[in-house]
Amino acid sequence: MISRDIINYLFDSSTVIGVAIAVLTIVYYYSTSTYGKWRKLNVPYEPPWPLVGNTFKMLATLEHQMDTFDGIYKRFADERYCGFYQMKTPFLMIRDPELINAVLIKDFSHFADRGFHKEPSTNILANGLFFLCGPKWKIMRQKLSPGFTSGKLKLTHDQIVACSDELMRFITAKIKENDQLEVKEIMSKYSTDVIGTCAFGLKLDTVKNDDSDFRKYGRQIIQTNFRIILIQILSLMSPRLTKLLGISEFSPDASNFYESVLNEVIRYREANGIVRHDVAQSLIEARKQLVLNSTEKDGFTEQDIVANAILMFLAGFEPVSSTLSFCLYQLAINQNIQDKMRDEMNSKLKEHEQMNNDFLMDLHYTDMVLAETGRMYGITTALFRETVKTYQIPGESLVIEKGTKVIIPIYSIHHDSKYYPDPETFDPERFSPEEKAKRPSTTYLPFGDGPRFCIGKRFAELEMKMVLSQLLTTFRVLPCEKTDYPLKFRNGLAIMVTKNGIWLRFQSISK
């Protein structure tokens, strides 16, 4: 039995204060133990706060990630690079186009990994192509690439047309009831149908089905809430902590749903001898070579195949639907650009007689509009890399040590008036051949660059050009009473998601 003296001692105010001071001292020194890195290396940096570093507002969701990084980018406007701290982790921000080229392309072997060390037991996407590191990333990339060749993309044309036709019928029926539509959800349904049928042979009919499990669980994975934010902070403090606590980064229901469905696709094809020239087939072949017939002790597992199947599915609908929504928003508030796009489409349609691949390849102004959309509303706000081999910056004394986190602030570069005058104005002419030639190539990075550029880039562009061609030759897109201007974005996400959706009015061209 605990004596009264011991109880009195434990609750004595001076003892409590002493313990509190000791705990705070330990936390302080732990959280600031890395804060001398940039000073020692003579890298310009902003002094960090204990525990939170330079990213408190971002971590507390008081501002978007793009605003946090943009603030750091602008404070060091005359530097090629600068340092900051995300909690206790030092990051080197690369600002100079020449250095960006070195990191992403020229000296890629020194920066081959993204530096996201996710735990497979708590994150089902940890073994996906986006997070994979080292040789496993290179091998999986080689296995998946055949699903995105030019020949394979041409085979998806009729499937994309069928999904676009269904979307046109849906919008036509909807505007008879109410011509004001929230386009982000509609485009998400469309892109879900496209990736389902083209990549996995699944006819989902998500556009017509408001209760689609694919959309429900897709929203769960990209949503942010207090639980997700807390897990992200714990992961930043200690990547091993989430594993120790057994906390899943995604909804277990969503993970189980996608894993079950995509496993069934693989089993069904194998059982019935079905061979299709799509992403699922690439995954099936990868499974045979890397899992079933492999003799490597530390090679690939079934979980690697499932993770990449889920990643390909999720990556197939969210970036496309976001880009399409932002594009339609800008076309609604810039009618002259919309008219010019429509004129090009009608002209090329007369020339080619149908919306085939040659027609899509001939839409040069549409390419410029999509490029400008990608500049203003990039798929991601920053690129992350980790130094896998010590690297000395050419012509300088700075040596970037192995393990250093590197960030390339895409949003800030895309909105830098040095490269894009009047950056908040939507101007597709920035991407005419003459204007593009004036800028370093690494000042435009919506799909990344180098060996780790987005594997689905060409498929996404094909899909977006097809649906925009059908939309704009069928409807005029206009602002409505619910249209936000400017758009407001949700904090706590690495991507740009609007708070109130994107509401626009659709008017039949025949009227």
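## Aromatic pairs

Phe108 and Trp137 are both buried, where buried stands for under 20% relative accessible area, exposed for over 50% and partly exposed for the range in between (1.4 Å probe, protein chains only). The model is predicted, so that local features need pLDDT of at least 70 and side-chain atom pairs count only at pLDDT 80 or more, while totals for chains, interfaces and linings use all residues. Residues are numbered from 1 along each chain as its sequence is written, and side-chain values use heavy atoms, with hydrogens and water left out.

The structure holds 18 aromatic pairs; rings of Phe, Tyr and Trp (its six-membered ring) pair if their centres lie within 6.5 Å, and planes under 30 degrees apart count as stacked, over 60 as edge-to-face and the rest as tilted. Phe108 and Trp137 make a tilted pair, with 5.8 Å from centre to centre and 55° between the planes. Because Phe108 lies in the loop between helix H6 (97-106) and helix H7 (134-144) and Trp137 in helix H7, this pair ties together parts that are 29 residues apart in sequence. Helices (H or I, at least four residues) and strands (E, at least two) are DSSP runs, numbered from the N terminus.

Phe130 and Phe131 form an edge-to-face pair, 5.1 Å centre to centre with 85° between the planes; Phe130 is partly exposed at a relative accessible area of 36%, whereas Phe131 is buried at 14%.

## Charges over rings

Arg141 lies over the face of Phe453, 4.9 Å from the ring centre, and the charged end of Arg439 sits over the ring of Phe431 at 5.0 Å from its centre. The criterion is that NZ of Lys or CZ of Arg is within 6 Å of the ring centre and within 35 degrees of the ring normal.

## The open sheet

Four strands form an open sheet with mixed pairing in the order E1-E2-E7-E4, two strands being paired if DSSP finds at least two bridges between them. Strand E1 (81-86) and strand E4 (383-386) are the edge strands, each pairing on one side only. E4 pairs with strand E7 (residues 405-408) in the antiparallel sense over 4 bridges, and Val406 in E7 is the bridge partner of Arg385.

Helix H5 (residues 65-75) packs on the sheet and touches E1, strand E2 (89-94), E4 and E7, its direction making about 145° with that of E1. Contact means heavy atoms within 4.5 Å, and axes are lines fitted to C-alpha atoms, for helices over the stretch in contact, with angles running from 0 to 180 degrees between N-to-C directions.
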